[in-house]
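Please keep the model in view while reading.

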Number of protein chains: 4
Amino acid sequence: MNKNRLEAFSDGVLAIIITIMVLEFKVPEGIDCTSLKPILPKFLSYILSFIYVGIYWNNHHHMMHTVKRVNGGILWANLHLLFWLSLIPFVTAYIGENHFAPFPMMMYGVILLMNGIAYFILQNLILKHHGKDSLLSKALGKDYKGKSSPILYFMAILLANPYPAIAGGIYIFVALMWLVPDKRIERIFNENE
Amino acid sequence: MNKNRLEAFSDGVLAIIITIMVLEFKVPEGIDCTSLKPILPKFLSYILSFIYVGIYWNNHHHMMHTVKRVNGGILWANLHLLFWLSLIPFVTAYIGENHFAPFPMMMYGVILLMNGIAYFILQNLILKHHGKDSLLSKALGKDYKGKSSPILYFMAILLANPYPAIAGGIYIFVALMWLVPDKRIERIFNENE
Amino acid sequence: MNKNRLEAFSDGVLAIIITIMVLEFKVPEGIDCTSLKPILPKFLSYILSFIYVGIYWNNHHHMMHTVKRVNGGILWANLHLLFWLSLIPFVTAYIGENHFAPFPMMMYGVILLMNGIAYFILQNLILKHHGKDSLLSKALGKDYKGKSSPILYFMAILLANPYPAIAGGIYIFVALMWLVPDKRIERIFNENE
Amino acid sequence: MNKNRLEAFSDGVLAIIITIMVLEFKVPEGIDCTSLKPILPKFLSYILSFIYVGIYWNNHHHMMHTVKRVNGGILWANLHLLFWLSLIPFVTAYIGENHFAPFPMMMYGVILLMNGIAYFILQNLILKHHGKDSLLSKALGKDYKGKSSPILYFMAILLANPYPAIAGGIYIFVALMWLVPDKRIERIFNENE
């Protein structure tokens, strides 16, 4: 079984997820500068979620690049990941519309945590299918980022009520942690090609 | 005629179908735990339909993998299947919004039945085009799942009024029946590659 | 310049066009059989437009299959076609919501006519780019369907007011005309492969 | 790292961006000619934005055609461009709904300017990654269009208040400037293939 359609389908779903978040921006009624103000929290939450979906696309792209063949388990683990990713637009609108209130911020963390877990399951199935000496296994190394993210999400969920700002800070921190390029991984990829 | 664009177009339509169901989740007004309660039935129906679309994508992926060439009839049988699949988001919202009431549950079954029939037509056209000794023919075997699903959907349609819970149980049962991996099929695929 | 991305982009746009029409089906309020009645005209217009978009995708698929290289003109003629195709969901909702009233039926014909013209322009640019002895040129032959469709659309536009039923009949006739498989074209394709 | 998935993902996002703008056309209530009048400004803004997204897709297509390999920086610069492109449907609806009022016209220019800058960043990263003698470098030449567009957008932003018509004229001018085929670039592409 080849991986091309899995990549194409995932790309399609991710492209839609990242784009339908914009549909939440209702056109403001006024035509002066202040009329855009109510959109500001939605815009900020859109930026954060766009980066998260971008990170998932980026990591998915890298991981699938090392994959040679897929099986039924990997197909379903991938669909399971897409399921949780598809809920990001909902929690994004939820925190944006409620100005980052404690409970919505907690729910945002829950969805990020479920995505982290779903990605972890997918990654492990691929590792099992390809062996310990595979390219992916080398590239991941100790996988500090992958292991620390769920713990950080969990902390954010606990702290979101009554400190939503701290939860928000943690979400931004995790996003930045993944955004910073990982020179070591790219080197391993380049050496092996 | 090659099959690449048929796969790409089907992936695109399936990716959109699976994702637009999320647009039904209107952001709740409250910001506490109870405000999410009205979303629960929609969420449950989303999970069920996500799994069904996932199953169709999975089976479509496997079936098309065995296809070498397509003709006009196959192209239209595929569009016919996509037509019925495109109605799944509608019946999903219908049962979710009406808390799994009898008539909506019946309609959900009707759409699943039409999808099953459309898939059956597509499968038969491909079998006819590729011969009885083809890989697909061997992989399908007696096709117990494919033959029993429409019968189960039909039973659910009859029982949905006045027993929507039984219809729901049948829909969940059929989904699980397809989710359970079919070792025999994967073996046949692997042997032939 | 290769044609792969043009095909991928067109498939994406066509997949979205064919699917967003379903978003017009608002979930009905009642939970009995009669509550689905207001959706019926929308459903009928959806079937018609689904077939039209399917025909365009089918013909586009066949035409692009014969194309070896594209230039800037072909890229823009393709975008021009996608522009008019993207208006089909709008006129579909327009005739469905107004129960096939004269003026909406006229507008439906205008959009079909513009699509026919846009397709004709694209086809001619490709023919010019590939020569009179090309596979596409042979497959098209006298192109009776391509030439008669705009005339039929034009008649429908003129007759829609005050006879919307005749316009509707013409739209159904043209769709059926294209649906009927063209054995001759497939033979030419098969002989040349 | 290959560029295929970057192209596929970008095509998906661009296809969705160009199509969801149509969702803004609410079906008018009347069924005579005048009922379409309120849609006219939305339709005009749709045409303009469709052309802009078409230009970006076209240029992206050409630029990526010359790219041999991508790195993490290019992936993120591409996502950054997609982010600003995803805001085009919002400002399109904003100017359409407010009949091209000064402040919305200014915001339209701001988004176009951000897109121009994002494209410039992506282009420079690709140039840096491929060297000064690359095909892209030759094809761009002095890149008069790429350099003058941001300046023109900036002028439009300054003039939009109180002269929205002048801003609109500038947006139309820039679009036409890119639409006019650049024979020199196609020649360089053709010579090198």
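Which residues form a positive surface patch? The patch is made by Lys26(A), Lys26(B), Lys26(C) and Lys26(D).

## Basis of the values

This is a predicted model, in which local features need pLDDT of at least 70 and side-chain atom pairs count only at pLDDT 80 or more, while totals for chains, interfaces and linings use all residues. Residues are numbered from 1 along each chain as its sequence is written, chains are lettered from A and ligands numbered from 1 in the order in which they are written, and side-chain values use heavy atoms, with hydrogens and water left out.

## Surface patches

Patches are made of residues with over 30% relative accessible area and no salt bridge; like charges are joined within 9 Å, and nonpolar side chains (Val, Leu, Ile, Met, Phe, Trp, Tyr) within 5 Å. A salt bridge is a side-chain nitrogen of Lys or Arg within 4 Å of a carboxyl oxygen of Asp or Glu. Lys26(B) sits in the loop between α1 (4–20) and α2 (40–66) of chain B. With a relative accessible area of 54%, Lys26(B) is exposed (buried is under 20%, exposed over 50%, partly exposed in between, with a 1.4 Å probe and protein chains only).

Chain B also carries a nonpolar surface patch of Ile151(B), Phe154(B), Met155(B), Leu158(B), Leu159(B), Tyr163(B) and Ile166(B), together about 690 Å² of accessible area. Helix α7 (residues 144–159) of chain B gives the largest share, five residues (helices are DSSP runs of H or I, at least four residues, numbered from the N terminus). Met155(B) lies in helix α7 and is partly exposed, at 38% relative accessible area.

## Backbone geometry

Most residues other than glycine have a negative phi, and most peptide bonds are trans. A cis peptide bond joins Asn161(C) to Pro162(C), with omega about 10 degrees; Pro162(C) is in the loop between α7 (144–159) and α8 of chain C.

His99(C) has a positive phi, near 50 degrees. His99(C) is found in the loop between α4 (88–97) and α5 (102–130) of chain C and is exposed, with a relative accessible area of 55%.

Notes. Accessible areas come from the Shrake-Rupley method with a 1.4 Å probe; for residues, only the protein chains shown count as cover. Lys and Arg count as positive and Asp and Glu as negative; His and the chain ends are not counted. The place of a charge is taken as NZ of Lys, CZ of Arg, CG of Asp or CD of Glu. Helices (H or I, at least four residues) and strands (E, at least two) are DSSP runs, numbered from the N terminus.
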